[in-house]
Amino acid sequence: RKKVVFDEISAAEVEKMVARLCALYCPEYAMQLRAAALLHDLTKELTPKEQESLCHAYGIPVDEGQRLSPKTYHAKTAAAHIAREFPAFADPIIIEAVRWHTTGHAGMTLTEKLLYLADYIDESRTFPTCVLLRRYFFGAEPELMTMEERERHLRATLLLSYEHTLKDLLAEG
């Protein structure tokens, strides 16, 4: 077994943020999402080569597109690692939230959306697009909205996050 290391401080910040988001959207899933937040970057500190080895060990397909996007490996490998090495946390809500916390996907569940957003806007993030998105989300005072308005606001916030991410990726080439 390879020892995996991760940034515990960052994970704790994501946990705080996901708890805050759960209070607004789904308090009944707070425990699962807090666990997902603490585990989401479990394999992030591994090198791309080590990530690829984990992919092979866990039967995760690796193609050229994946090799060109090494920052996304850890979402797949962490989800698989949790399922295998931490069976007490192998809850589908936890696994799927971890799996999609970096890239998102069409048809995301509410719990997947919340971990994705919590990871993007946690208080330890200081890069401009993150600060802007955090202000955008909380500046609208979602706690004063109806649930329908909150869901629309969450969708708009996620779309804005994807737009910023794509712009940043294009700028990086």
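This is a predicted model: local features need pLDDT of at least 70, side-chain atom pairs count only at pLDDT 80 or more; totals for chains, interfaces and linings use all residues.
Reader: Which residues of H7 make the contact with H2?
Author: The crossing in which H2 passes H7 is right-handed. On the side of H2 the contact is made by Leu33, Ala36 and Ala37, and on the side of H7 by Thr111, Leu114 and Leu115. By class, this contact of H2 with H7 has five nonpolar, one polar and no charged residues.

Reader: How many of the 10 residues of helix H2 are buried?
Author: The buried residues of H2 are Ala30, Gln32, Leu33, Ala35, Ala36, Ala37 and Leu39, and they pack against H1, helix H5, helix H6 and H7. Helix H2, which covers residues 30-39, is largely enclosed by the rest of the structure, because the number of its buried residues is seven.

Reader: What is the relation of H1 to H7, parallel or oblique?
Author: The axes of helix H1 (residues 8-25) and helix H7 (residues 110-121) come within 8 Å and cross at roughly 135 degrees. An angle has to be over 145 degrees to count as roughly antiparallel and under 35 to count as roughly parallel, so the relation of H1 to H7 is oblique.

Reader: How many charged residues does the contact of H1 with H7 have?
Author: In H1, the residues Val14, Met17, Val18, Leu21, Cys22 and Tyr25 meet Leu110, Leu114, Leu115, Leu117, Ala118, Asp119 and Ile121 in H7. Sorted by class, this contact has 12 nonpolar residues and no polar ones, and the number of charged residues is one.

Reader: Which hand does the crossing of H6 and H7 have, left or right?
Author: H6 and H7 pack with their axes 8 Å apart at an angle of about 50 degrees, and they are therefore oblique to each other. Their contact brings Ile93, Glu96, Ala97 and Val98 in H6 to Thr111, Glu112 and Leu115 in H7, and by class it has four nonpolar, one polar and two charged residues. The crossing of H6 and H7 is right-handed.

Reader: What does the side chain of threonine 43 reach?
Author: Threonine 43 is found in the loop between H2 and helix H3, and it counts as buried because its relative accessibility is 0%. At a distance of 3.3 Å, its side chain reaches the backbone nitrogen of alanine 78.

Reader: How far apart in space are alanine 23 and glutamate 143?
Author: Alanine 23 has its place in helix H1 and counts as exposed, at 59% relative accessibility. In sequence, alanine 23 and glutamate 143 are 120 residues apart, whereas in space, from C-alpha to C-alpha, the distance is 9.1 Å.

Reader: What is the phi of glutamate 141?
Author: Glutamate 141 lies in the loop between helix H8 and helix H9, where it counts as partly exposed at 41% relative accessibility. Its phi is a positive value in a residue other than glycine, and it is near 55 degrees.

Notes. Residues are numbered from 1 along each chain as its sequence is written. Side-chain values use heavy atoms; hydrogens and water are left out. Axes are lines fitted to C-alpha atoms, for helices over the stretch in contact, and angles run from 0 to 180 degrees between N-to-C directions. Helices (H or I, at least four residues) and strands (E, at least two) are DSSP runs, numbered from the N terminus. Angles under 35 degrees count as roughly parallel, over 145 as roughly antiparallel, 65 to 115 as roughly perpendicular and the rest as oblique. Contact means heavy atoms within 4.5 Å. Ala, Val, Leu, Ile, Met, Phe, Trp, Tyr, Cys and Pro count as nonpolar, Asp, Glu, Lys and Arg as charged, and the others, Gly among them, as polar. Buried means under 20% relative accessible area, exposed over 50%, partly exposed in between (1.4 Å probe, protein chains only). A polar contact is a pair of N or O atoms within 3.5 Å; within protein, one must be able to donate a hydrogen and the other to accept it, and residues adjacent in sequence count only if both atoms are side-chain atoms. A crossing is left-handed if the near helix is turned anticlockwise from the far one by less than a right angle, and right-handed if clockwise.
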